[in-house]
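Hi everyone, thanks for coming. Have the sequence and the model open on your screens, and let's walk through it together.

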Amino acid sequence: MLNGTTYTVDNLMPGEVVTIEVTAEGDGACGNSSAQFTCEALPCPNFVVDITVPQNDICLDGMAAPFDLSATVNGGTGNGVAVWSGTGITDIDAGTFDPSVAMEGAHVITFTYTEGPCDVIETVT
């Protein structure tokens, strides 16, 4: 995609190589001139995720209020997108877990962090 003087190639997988050719069109005696260069997409960073659950055991006695899970991601630029999923998650962005929605039992909650074409998935029960 050309934007002013910048050309961006999107959706490359880590290690994928592209060759770009730039041609300057000229009306003079020399005519057109061109140059090629090759770029390689960087490998994915080594993401490390630490999930914090503020409560371990929850009693479904009508008093169990929803609460937010949190995750810290180290590695990468930090400009990625985080999404929570699983039974009882009522806000996928904030990681809100509602025990009254999840009901009784152990539930697997998944945290997915995506930065460019790279992602990391961690779970907690």
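Let's start with Met103, which is exposed because its relative accessible area is 51%. For that word, the cut-offs are these: buried is under 20% relative accessible area, exposed is over 50%, and partly exposed is in between, with a 1.4 Å probe and protein chains only.

Before going on, a word on where this comes from: it is a predicted model, so local features need pLDDT of at least 70 and side-chain atom pairs count only at pLDDT 80 or more, while totals for chains, interfaces and linings use all residues. Residues are numbered from 1 along each chain as its sequence is written, and side-chain values use heavy atoms, with hydrogens and water left out.

Back to Met103. You'll find Met103 in the loop between helix H1 (99–102) and S11. Helices here are DSSP runs of H or I with at least four residues, strands are runs of E with at least two, and both are numbered from the N terminus. What is the phi of Met103? Met103 has a positive phi, about 70°, although it is not a glycine. For background, most residues other than glycine have a negative phi.

Now over to strand S5, residues 48–52, where Ile51 lies. If we leave aside neighbours within four places in sequence, Ile51 is in contact (heavy atoms within 4.5 Å) with Ser70, Ala71, Trp84, Phe111, Glu122, Thr123 and Val124. Take Val124: Ile51 and Val124 are 73 residues apart in sequence, but their C-alpha atoms are 7.5 Å apart in space.

S5 also has a partner. Five bridges join S5 to strand S7 (residues 70–74), and the two run antiparallel. One of the bridge partners to look for is Thr72 in S7, which goes with Asp50. Two strands count as paired if DSSP finds at least two bridges between them.

Next, an open sheet. Three strands form it in the order S6-S10-S9, with antiparallel pairing. Which are the edge strands? They are S6 (67–68) and S9 (89–91), each pairing on one side only. S9 is joined by two bridges to S10, residues 96–97, and these run antiparallel. Ile89 stands opposite Phe97 in S10.

Is Thr96 buried or exposed? Thr96 is buried, at a relative accessible area of 14%. Not counting residues up to four places away in sequence, Thr96 touches Pro66, Phe67, Asp68, Gly88, Ile89, Thr90 and Asp91.

Moving to strand S11 (residues 109–115), that's where Thr110 sits. Thr110 is buried too, with a relative accessible area of 19%. Beyond its neighbours within four places in sequence, Thr110 is in contact with Val83, Trp84, Ser85, Ile121, Glu122 and Thr123.

Now the rings. How many aromatic pairs does the structure hold? There are three aromatic pairs. The rings of Phe47 and Tyr113 have centres 5.3 Å apart and planes at 80°, so that pair is edge-to-face. Phe47 is in the loop between S4 and S5 and Tyr113 is in S11, so the pair ties together parts 66 residues apart in sequence. Both Phe47 and Tyr113 are buried. As for cut-offs, rings of Phe, Tyr and Trp (its six-membered ring) pair if their centres lie within 6.5 Å; planes under 30 degrees apart are stacked, over 60 edge-to-face, and the rest tilted.

The largest pocket has a volume of about 390 Å³. Of its 19 lining residues, the closest to its centre are Asn56, Ile58, Phe97, Gly105 and Thr125. A pocket is an open set of points on a 1 Å grid over the protein atoms alone, where a 1.4 Å probe fits, with protein on both sides within 12 Å along at least five of seven lines; lining residues have an atom within 4 Å of a point. The volume is the space filled by probe spheres set on the points, which are joined across faces, edges and corners.

The second largest pocket is about 270 Å³ in volume. It is lined by 12 residues, with Tyr7, Thr8, Val9, Ile20 and Phe37 nearest its centre. That's my tour, thanks!
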